[in-house]
Amino acid sequence: MTEQGLLFSLEDDDATAVLARELKLPRDEFIELFGNEWAEHEATFQDCDDAPSGDLENRFDPWYVAGKPIQLMLRVNGDLIDLAVPRPRWFGHRLEVMPERRETIRRRGWDPELVADVVKNLLRRRRSSFRYCRYCFGLTPPEHLFKRDTCMGCASDVLHVRF
């Protein structure tokens, strides 16, 4: 197999390609609307929508996440696309990421401009919660802040806080 062929097949199997296929969009159009480098979310939380009747066979498809730190979540459910802002929460030393604010879009007859606006508004909401650390000047998501103006790394290094 050629190096080019290998790259193509790996690209076809990544989560971004999987989502693009699921939504019946060319990969470049999917990336233009939703961004790139999606990954399936390894959630340990029980989404309250996942099994409303308690029937595990009735579960929705998995959530996918994009961004480092996670900035957007996406889930495809039949004719619907759920988009969400992540809500990271610490449980002891484990960070759990759950969907917080959701927007649902119907796939049939969807308007790409509407989708772009929804994504833009969700990203604006998530990114507006990031703060600059007063010590390292790094832009930090709220789940990695010790205080409003201090990241956890600097809290440990400068303030000698033990986590």
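The model is predicted, so to speak of local features takes pLDDT of at least 70, side-chain atom pairs count only at pLDDT 80 or more, and totals for chains, interfaces and linings use all residues. Residues are numbered from 1 along each chain as its sequence is written, and side-chain values use heavy atoms, with hydrogens and water left out.

**Aromatic rings**
- The structure holds four aromatic pairs, where rings of Phe, Tyr and Trp (its six-membered ring) pair if their centres lie within 6.5 Å; planes under 30 degrees apart count as stacked, over 60 as edge-to-face and the rest as tilted.
- One of them is the tilted pair of Phe-30 and Phe-34, at 4.9 Å centre to centre with 35° between the planes.
- Both of these residues sit in helix 3 (residues 27–34), four residues apart, about one turn of the helix; helices are DSSP runs of H or I, at least four residues, and strands are runs of E, at least two, numbered from the N terminus.
- Phe-30 also pairs edge-to-face with Trp-38, at 6.4 Å and 65°.
- Phe-30, Phe-34, Trp-38 and Trp-110 form one aromatic cluster.

**Burial**
- Phe-30 counts as buried because its relative accessibility is 0%; buried means under 20% relative accessible area, exposed over 50%, partly exposed in between (1.4 Å probe, protein chains only).
- Trp-38 is buried too, at 5% relative accessibility.

**Largest pocket**
- Strand 4 (80–91) and helix 4 (112–127) each supply at least two residues of its lining, and strand 4 gives the most, with five; lining residues have an atom within 4 Å of a pocket point, and a pocket is an open set of points on a 1 Å grid over the protein atoms alone, where a 1.4 Å probe fits, with protein on both sides within 12 Å along at least five of seven lines.
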